[in-house]
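Hi there,

Here is the structure we talked about handing over. Please open it alongside this note and have a look around.

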Amino acid sequence: ISVTGVQTCALPIFRIAADQDEIQAAREHGRVMDLELHHRVNNAMAMIQGVANITARTARDFDCFRDSFNERVQCLSRISTLLVRKSWARTPLRELIHTVLDRQSNDRIALDGPDIDLRSEVALALGMALHELLSNAERHGALSTDNGVVNIDWRREPSSESQLALIWSERGGPDIDQPQPNGAGHYLVRNVLARQFGGDADLAFEREGLRVTLTAQI
């Protein structure tokens, strides 16, 4: 066999080997993606189950349960759509906040903070926490009055670049005698969602209105 002939025969062999490597790599990538999708679906289902249980435990009647549960699931769906658009990678906090606010006009809610990207699991839980604060403000807080406003400020903690501090503060809401943060929304924020975004939630009723400080591991 001539040298030229050897070279001509060898090229397809190398090409087949390279194709096999690519096929194997594609299969492995698909397997990893399937596992990741399974993990995310399980997390989403667990969150829906937790939301359903807490909503049912605190609802006055079926209509109250239906309305509250539907609002929470719709917000969860909007956040999930955002995360899919970001390929379940890093999600800009400002974009997450706009997704949660959705139906609210910006002249009643002021945002201030640097550009910060969140891990998908943190974005999901933090977004749901903001939804609970928004719902509470619309029903009982600053956004239930004509002149009330909400400020959302955030920053990285000086002690740790990986920790976010977000402050939700309300002004101009109705006067409430000795309010207690014991509703379903407050319970979700403090005892369920805070653990999922790897931080804490501090709720305080001040003279000007509700002030909530959320910390999260970003």
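First, some housekeeping. This is a predicted model, in which local features need pLDDT of at least 70 and side-chain atom pairs count only at pLDDT 80 or more, while totals for chains, interfaces and linings use all residues. Residues are numbered from 1 along each chain as its sequence is written, and side-chain values use heavy atoms, with hydrogens and water left out.

**Confidence**

The protein chain has a mean pLDDT (the predictor's confidence in each residue, from 0 to 100) of 81, and 79% of its residues reach 70 or more. Helices (H or I, at least four residues) and strands (E, at least two) are DSSP runs, numbered from the N terminus.

**The sheet**

Five strands make up an open sheet with mixed pairing, in the order E2-E4-E5-E7-E6. E2 and E6 are the edge strands, each pairing on one side only; two strands pair if DSSP finds at least two bridges between them. On average, neighbouring strands here are turned by 15° against each other, direction ignored. H3 packs on this sheet and touches E2, E4 (149-157) and E5, with its direction at about 170° to that of E2. Contact means heavy atoms within 4.5 Å; axes are lines fitted to C-alpha atoms, for helices over the stretch in contact, and angles run from 0 to 180 degrees between N-to-C directions.

Strands E5 (residues 160-171) and E7 (residues 210-217) run antiparallel and are joined by seven bridges, with Leu 166 partnered by Leu 214 in E7. E7 also pairs with E6 (residues 200-205), antiparallel over six bridges, and there Phe 205 stands opposite Leu 210. The hairpin of E6 and E7 has four residues between the strands, and in this hairpin Gly 209 takes a positive phi near 150°.

**Helix H3**

Which residues of H3 (residues 93-101) are buried? They are Leu 93, Leu 96, Ile 97, Thr 99, Val 100 and Leu 101. Buried means under 20% relative accessible area, exposed over 50%, and partly exposed in between (1.4 Å probe, protein chains only). Just after H3, Asp 102 has a positive phi of about 45°.

Phe 62, Phe 65 and Phe 69 are linked into a cluster by ring pairs. Rings of Phe, Tyr and Trp (its six-membered ring) pair if their centres lie within 6.5 Å; planes under 30 degrees apart count as stacked, over 60 as edge-to-face and the rest as tilted. Phe 62 and Phe 65 have ring centres 6.3 Å apart and planes at 40°, so this pair is tilted. Phe 62 is exposed at 56% relative accessible area, and Phe 65 is partly exposed at 21%. Phe 65 and Phe 69 are stacked, with 5.5 Å from centre to centre and 5° between the planes. Phe 69 counts as buried, at 18%.

Most residues other than glycine have a negative phi. Ser 87, not a glycine, has a positive phi of about 60°, and Trp 88 has one of about 55°. Ser 87 is exposed at 58%, while Trp 88 is partly exposed at 25%.

Best wishes
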